[in-house]
Amino acid sequence: MKKIKFSELKNYYNQEICLQGFVEKVRDLQYVQFLILRDKSGSVQVTLEKDGSLSNLNEIVSNLKLESTVKVVGKVLENEKVKLGGLEVIPSSIDVTSEPKEELPINYKDLNGTNLDTRMDYRFLDLRNEKNALIFKVQSAFVEGMREFLYKEDFSEIHTPKLIGAASESGSDVFEVKYFKSKAYLAQSPQFYKQMAMAAGMERIFEVGPVFRAENSNPNRHATEFSGFDVEFSYIESYEDVMELEEDLLIAGLSRVKELYGEEIKKHYNKEVIVPTKPFPRIKLQDLYKELESRYKYEIPTEDVGDMNAETEKLAARYAMEEYGHEFIFVTDFAKTKRAFYHMRKDDIPQGYDLIWRGTEITTGAQREHRVDILEKQMIEKGVEPKSLDFYLDFFKYGCPPHGGFAIGIARVMMQMFNIDNIREATFIYRGPTRLKP
């Protein structure tokens, strides 16, 4: 008998169905037993009279341990007195499929005071918490909404290798691994292969996959492995086309989240899912510096000139809300020293942007340089030996259309959506300099 989701039980009144889930609560009274079961969709009450007709089931329930998993076959009945959806299940059989062998090391129902590292050690218990599990339901809906939009826009999903023969950004911040008798690296991004797809004439592609950064630091918004949503497409006129596509993409993703989980997010996190309107505000970096100095008396530190830091991002979001009433803002015209060699330049200015949402950069995007001679020149300027990336340069030697793209950090988006301070909570299983378990 097929397992029925608890949230769908109203469709099965007076029918015999099969439930499977965790035992959340047991009430063993004089004349009746109540069993509360939980699955990913919700909770349900199983009611069992102590009239002697099913004494074997009464005994099972009396000995049940919380957090056991059970399989219950029974009939769904309407009962307005039951708070859990106005229905109950009357069982005909109960099978215990697993039970805990010792006391749970953390109380997932009340995690106040539980150290975050301890929660990460027992992530499989931490995510039994309804509030924490919601993050990943929402993440799935967000990615689904964006995927659906891109499919409708004639994009193809690709899957690029994560073991590569050369660093995809620069020689630093990469994980080197032994690859038989040679060296390989974990991909910092699918950038090279996205551009290869453009040279292949695929025109419009995206990928959702892991990204690796060997940054030996522990800031709250960085991880050594995270999931990126990468997009690349051809025949663009400028990076304005890239920004416009990302606007539509984020509207699609956030619309899906609001539709499916807007009320739950508001209930558990007191955050409203706001679907943005087009166009998102845009501002050049130097103009942003001037606005932040005049409005908030903030001056960019010398070492960060030409780029943004965390404080600049926070104030940029504040400016966007005050000036435009908008949660998003595109920042353009970064210094060439702060951008990758494959960003196209115009008048020596990289043709790209960062997208700030609620005070954090969630995207870097750009028009790419597709002319091989200029690419070689920009590589040398950046200290990258062209011969070390000869396979990459080959992509552009035989014709390649103008193209651009961007990458969205999915965990960063979840942090902002739920107002979470630490990326570890917005990542299913976090990887950092000191964490390789579970």
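User: Which residue in E10 does Ser156 stand opposite?

Analyst: The model is a predicted one. Strand E6 covers 156-157, and two bridges join E6 to strand E10, residues 204-212, with the two running parallel. In E10, the residue opposite Ser156 is Ile205.

User: Which are the edge strands of the open sheet of eight strands?

Analyst: The order of the open sheet is E6-E10-E11-E18-E17-E16-E13-E12, and its pairing is mixed. An edge strand here pairs on one side only. The two edge strands are E6 (156-157) and E12 (282-284).

User: In E11, what is the bridge partner of Arg204?

Analyst: E10 pairs with E11 over nine bridges, in the antiparallel sense. Arg204 belongs to E10, which spans residues 204-212. Its bridge partner in E11 is Phe233.

User: What angle does the direction of helix H5 make with that of E11?

Analyst: Helix H5, residues 191-199, packs on the sheet. It touches E10, strand E11 (225-234) and strand E18 (403-409). The angle between the directions of H5 and E11 is about 20°.

User: At what angle to E12 does helix H7 run?

Analyst: Helix H7 is made of residues 285-296 and lies across E12 and strand E13 (328-332). E12 is one of the edge strands of the sheet. H7 runs to E12 at about 90°.

User: Is H7 roughly parallel or roughly perpendicular to H8?

Analyst: The axes of H7 and helix H8 (residues 310-324) come within 10 Å and cross at roughly 80°. Angles of 65 to 115 degrees count as roughly perpendicular. Therefore H7 is, relative to H8, roughly perpendicular.

User: How many charged residues are in the contact of H7 with H8?

Analyst: From H7, the contact includes Leu288, Glu291 and Arg295. From H8, it includes Leu315, Arg318 and Glu322. By class, the residues of this contact are six nonpolar and one polar, and the charged ones number five.

User: What is the volume of the second largest pocket, and which residues are the closest to its centre?

Analyst: The volume of the second largest pocket is about 870 Å³. It is lined by 29 residues. The closest to its centre are Asp39, Lys40, Glu130, Ala133 and Lys137.

User: Which element gives the most to the lining of the second largest pocket?

Analyst: Strands E1 (16-28), E2 (32-39) and E3 (42-49) each supply at least two residues of the lining, as do helices H4 (130-152) and H6 (239-269). The lining has nine nonpolar, seven polar and 13 charged residues. With eight residues, the element that gives the most is H4.

Technical notes. Residues are numbered from 1 along each chain as its sequence is written. This is a predicted model: local features need pLDDT of at least 70, side-chain atom pairs count only at pLDDT 80 or more; totals for chains, interfaces and linings use all residues. Side-chain values use heavy atoms; hydrogens and water are left out. On a 1 Å grid over the protein atoms alone, a cavity is a set of points where a 1.4 Å probe fits but cannot get out, and a pocket is an open set with protein on both sides within 12 Å along at least five of seven lines; lining residues have an atom within 4 Å of a point. Grid points are joined across faces, edges and corners, and a volume is the space filled by probe spheres set on the points. Helices (H or I, at least four residues) and strands (E, at least two) are DSSP runs, numbered from the N terminus. Ala, Val, Leu, Ile, Met, Phe, Trp, Tyr, Cys and Pro count as nonpolar, Asp, Glu, Lys and Arg as charged, and the others, Gly among them, as polar. Two strands pair if DSSP finds at least two bridges between them. Contact means heavy atoms within 4.5 Å. Axes are lines fitted to C-alpha atoms, for helices over the stretch in contact, and angles run from 0 to 180 degrees between N-to-C directions. Angles under 35 degrees count as roughly parallel, over 145 as roughly antiparallel, 65 to 115 as roughly perpendicular and the rest as oblique.
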